[in-house]
Amino acid sequence: MKILVPVKQVAVLDEDFELRDDGLDADPDFIDHESNEWDDYSYETALQIMEAHSGVEVVPMTVGPEEAEESLRRCLAKGGERAVRVWDDALAGAGPATIAKLIAAVARREGADMVFAGTLSADHSFAMTGICVAAELAWPHVAVVTHLEYEPGAAKATVQRELEGGLVEKLTVDCPAVLTIQLGINQPRYASLRGVKQAKEKPVDELTPADLGVSGEDLAASACFRLRRMFKPAKGQAELIEGTAAEQAARLATIIKELKGAA
Amino acid sequence: MSPLDTTQSAQQITRILFQGFPGWLEVVFYIVGFSAIGVFLYGCYVQIRKYRRGRPLSIPALGRGAWDMVLAMLTHRTIRRRDTPAGNTHWLIFFGFGLLFLGTSTITLEYDILAPLAGVKFWYGDFYLWFSLVMDIAGVGLIIGLLYMMYRRKWLALPKLDYARPDRSPPDPDYDRSDYRREDWAFLWALVLIALTGFLLEAARLVWLRADPLVWDLRWWSPVGAVIAWLLDGAGVSAQGAGTLRMGLWWFHGLLALALIALIPFTKAKHIFTAMAALAVRDPRPAALLPKADLSAAGIGASAITDFTWKQLLHFDACTKCGRCHEACPANATGFPLSPRDLVLTLRELANDTLSAAALPPREALAAIGTGVNQVRPETLWSCRTCAACVEICPVGIEHVPVIVEMRRALIDMSSMEPTLQKVLQNIQTKGNALGENKRKRPAWTKKLDFQIKDAREEPVDVLWFVGDYASFDPRYQKVSQAFARILHAAGVDFGILYEDEMTAGNDVRRVGEEGLYQHLAEANIETLGGCTFKRIVTTDPHTYNTIRNEYPEFGGRYEIEHASAMIRRMLAEGQIRLKKKLEYRVTYHDPCHLGRLNKGYDPPRESIHMLGAELVEMKRARDNSFCCGAGGGRIWIPDPTDKQKPSENRMREAAQIDGLNVFVVNCPKCMNMFEDARKSTGNEERFQVMELIELVAECMDFDQQRAAAGQAAG
């Protein structure tokens with residue numbers, strides 16, 4: 001019984017940042033990296049199942065460059081014996097559907113029985129990678145899971161989702177399945193730095209898309225959208241118009257004329 | 001002056017041992033005596049076997065430790081501290097008991113060893129008479145001491161001698177530890193009875209041998225016995241009756257004394273040995289320099305009783321339950337579930353229960369952290385502020401702080417901690433500071449200065465200022481950092497900072513038990529410092545000061561480091577800081593634990609305050625007895641519950657008792673953070689201010705006026 005947990009190293013922007021010259025991303029000088037918060041919860045969910053039952057293996061994986069290995073080490077510091085990292089420089093800027101194709105390929109290669117992903121990533125917030133993985137594998141999926149009852153090897157899992165207004169939806173899903181896990185489902189454990197250091201001894205399989213049998217064309221075909229531009233929207237300015245009613249009306253008229261002119 | 005003239009009769013001036021005993025009865029006594037010694041030795045073996053089940057540890061400078069122990073024993077200075085009557089009366093018991101024991105040993109030496117083996121005798125004549133007198137004095141001292149101990153237990157009813165536990169409630173089986181109370185009384189009564197029956201025995205023998213002038217005429221050499229003999233005589237006790245009484249008392253006294261000796265290793269009496277050993281192996285800086293953990297080992301910290309070192313197991317046995325730590329602990333004083341004494345006693349009981357048998361129980365039975373009987377609860381461990389008030393006052397040298405930190409290391413490894421603390425540690429891992437601020441914002445406080453602080457990474461400086469987290473990011477303390485920069489600038493000091501490359505020094509990271517992160521921070525900071533040229537380090541933060549001074553050397557970082565208060569004192573004394581005015585304030589000074597108790601920096605801040613002209617009124621708990629603000633040991637990262645008094649509030653109320661107090665002077669960024677809040681929450685906002693020593697100095701240098709003047713000139 002194996003649970004695959006795809007995780008992501010996300011970008012954290014400085015308060016003051018600049019954009020890259022090509023206008024497609026923030027300047028890397030203003031970016032720090034850290035593990036995606038949602039993935040702490042999905043990984044904890046998998047670890048708790050592993051610890052409560054024998055014969056369960058949890059494998060964290062990421063699609064990302066060498067620096068992203070840090071996130072895998074943090075996972076391995078908490079538990080698990082090995083990890084998988086998939087990368088090729090051509091994957092820079094790849095969208096969620098492309099990433100999902102690779103995650104699905106790893107799931108097949110590993111013979112995973114379940115995939116627990118984070119609901120979304122803190123930087124791009126697509127909230128679709130996990131769901132695309134389910135589509136690739138042709139497995140059922142449940143998104144934004146806030147509670148899980150699952151016995152390893154069982155044909156069905158019972159999950160809960162929190163809806164608007166505090167309403168809870170309880171449903172069963174056929175396994176194998178992809179679940180995307182929401183914050184607060186558990187209390188993720190702390191990865192001590194000693195644990196992170198010791199996790200450096202644990203193996204991380206490094207694979208390319210080609211190793212997984214995914215060709216450049218497959219990847220290109222999977223891109224479901226194209227990034228056109230990243231920008232900081234100009235901030236609108238509110239103005240409090242003071243004075244007598246006549247003065248206020250005059251000022252308002254001026255503004256309307258200005259805006260008409262600008263348009 | 002010799003009481004007798006002839007050496008022949010001098011030989012007869014002695015006490016004939018076993019006088020009037022049939023031979024078989026003497027044999028019975030020897031059987032009992034050797035059995036008692038056998039039980040005693042077996043008990044010692046069991047105890048030593050117990051300690052050896054702890055982790056190995058080598059003690060450096062054992063000779064020096066042993067010498068310190070001898071001095072502490074002879075002077076009783078550690079027992080006198082903060083409880084002089086108890087110290088003095090314990091001194092009477094110690095010397096009384098010690099002399100009586102030596103006396104008995106002297107007799108054994110002659111009667112059982114030297115006389116039968118070599119025919120040497122010395123216990124007669126003048127020696128015997130002086131011996132008798134000294135023994136009587138010792139016995140009186142012992143009884144006085146014991147009676148006082150009974151008096152303070154029964155009538156003074158000192159709160160520190162109440163064993164009811166703050167970390168347990170009445171249904172818990174180990175809540176009030178009434179067995180300890182019974183043992184205390186049994187021990188006192190046993191000793192008192194041994195001493196009293198000794199005197200009665202002495203008197204009965206005198207009356208019994210009234211006819212022998214070599215006994216009766218010299219009876220005043222044992223004055224207490226002689227007085228009691230006079231009373232017995234007056235009561236009409238015959239020589240024969242006294243002989244019978246003497247035989248009965250002889251056995252009662254002897255058996256009780258032998259029973260006590262046999263029981264020493266199994267009862268509180270063992271402190272005679274364990275306290276001495278504990279003092280001899282004590283560490284000079286137990287809270288300032290924590291033990292380095294091997295990060296590559298399979299486990300870390302202490303989660304089982306066998307994870308403690310033999311020395312720690314010995315320390316658990318050395319506790320005499322005197323309650324001084326219980327009284328000094330800021331967590332205990334404010335209702336947190338921690339008493340250092342109970343922590344030690346819990347672990348002692350666990351060690352006794354699990355490590356005394358021939359074979360070790362399974363690992364689960366050894367678990368030291370948990371909610372069961374004789375287990376330390378996690379909330380107890382998290383209550384500690386590592387202020388070392390307990391370590392400071394312990395008369396037998398128990399080192400509580402490393403014990404707590406070792407157990408916290410195990411908790412961190414199990415990820416058993418408050419979510420807020422977890423978040424802070426994660427922040428430190430990713431951002432290098434506890435406040436979760438972006439690294440690049442670390443030097444933001446310098447932007448308010450009208451001069452540029454040198455970048456120590458770029459150019460050599462005399463003084464490298466290690467700013468620290470709270471001094472960099474806490475808005476209130478940023479003002480202090482700016483003031484300190486102005487002082488250094490005005491004094492013409494060549495100084496610089498590490499700007500974005502400084503990371504938190506790690507003192508409190510180590511003290512919450514995240515040893516791996518601590519070692520990473522220490523190594524990273526040492527590497528950064530290694531790339532800079534400077535003569536010495538200064539910091540306003542006592543926590544940073546402590547770890548760089550005491551703990552960085554183990555990681556290869558050896559620096560000359562000064563706390564800002566010491567540097568200010570020096571610059572004031574040498575006239576490098578020029579004061580424009582003197583202060584009229586009435587102030588009190590709060591010793592930060594990490595500067596005071598941990599590094600003995602009590603005087604420079606006080607001397608500085610005097611040089612500024614302020615009137616310093618001390619609080620009752622000052623210097624080595626300073627009361628922690630509550631922020632130490634990483635507790636600044638764990639919010640205190642709102643239903644309890646905070647240690648900082650307790651301290652504010654103490655300060656508020658000073659009439660006409662203007663300023664509560666702090667000397668630490670974390671103290672500042674705690675007390676600014678506590679001043680408000682205790683309703684003292686209108687009454688006095690909380691200020692840093694640095695701010696008082698800046699006030700006397702009149703920077704504001706200078707700036708205003710400069711502004712006018714520019715205008």
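Helix α25 of chain B lies across strands β4 (536–539) and β5 of chain B and runs at about 85° to β5(B). Helices (H or I, at least four residues) and strands (E, at least two) are DSSP runs, numbered from the N terminus. Axes are lines fitted to C-alpha atoms, for helices over the stretch in contact, and angles run from 0 to 180 degrees between N-to-C directions. This is a predicted model, in which local features need pLDDT of at least 70, side-chain atom pairs count only at pLDDT 80 or more, and totals for chains, interfaces and linings use all residues. Residues are numbered from 1 along each chain as its sequence is written, while chains are lettered from A and ligands numbered from 1 in the order in which they are written.

Strand β5(B) belongs to an open sheet of 5 strands in chain B, with the order β1-β3-β2-β4-β5 and parallel pairing. Two strands pair if DSSP finds at least two bridges between them. At the edges are β1 (454–455) and β5 (561–563) of chain B, each of which pairs on one side only. β1(B) is joined by 2 bridges to β3(B) (residues 495–497), and the two run parallel. Asp455(B) has Ile497(B) as its bridge partner in β3(B).

Helix α25(B) (residues 564–573) also meets helix α26(B) (residues 603–611): their axes come within 8 Å and cross at roughly 40°. That angle makes α25(B) oblique to α26(B); angles under 35 degrees count as roughly parallel, over 145 as roughly antiparallel, 65 to 115 as roughly perpendicular and the rest as oblique. Two residues are in contact if their C-beta atoms, placed from the backbone, lie within 7 Å. Among the residues making the contact between these helices are Ile568(B) and Leu572(B) of α25(B), and Pro604(B) and Met611(B) of α26(B). By class, the residues of this contact are 6 nonpolar, 2 polar and 2 charged. Ala, Val, Leu, Ile, Met, Phe, Trp, Tyr, Cys and Pro count as nonpolar, Asp, Glu, Lys and Arg as charged, and the others, Gly among them, as polar.

Chain B also touches chain A, with 18 residues of chain B in contact with 10 residues of chain A. On the chain B side, α18 (400–413), α19 (419–431) and α23 (515–530) each supply at least two residues. The largest share, 5 residues, comes from α19(B). This side of chain B has 7 nonpolar, 7 polar and 4 charged residues.

Elsewhere in chain B, just after α6(B), Ala157(B) takes a positive phi of about 45°.
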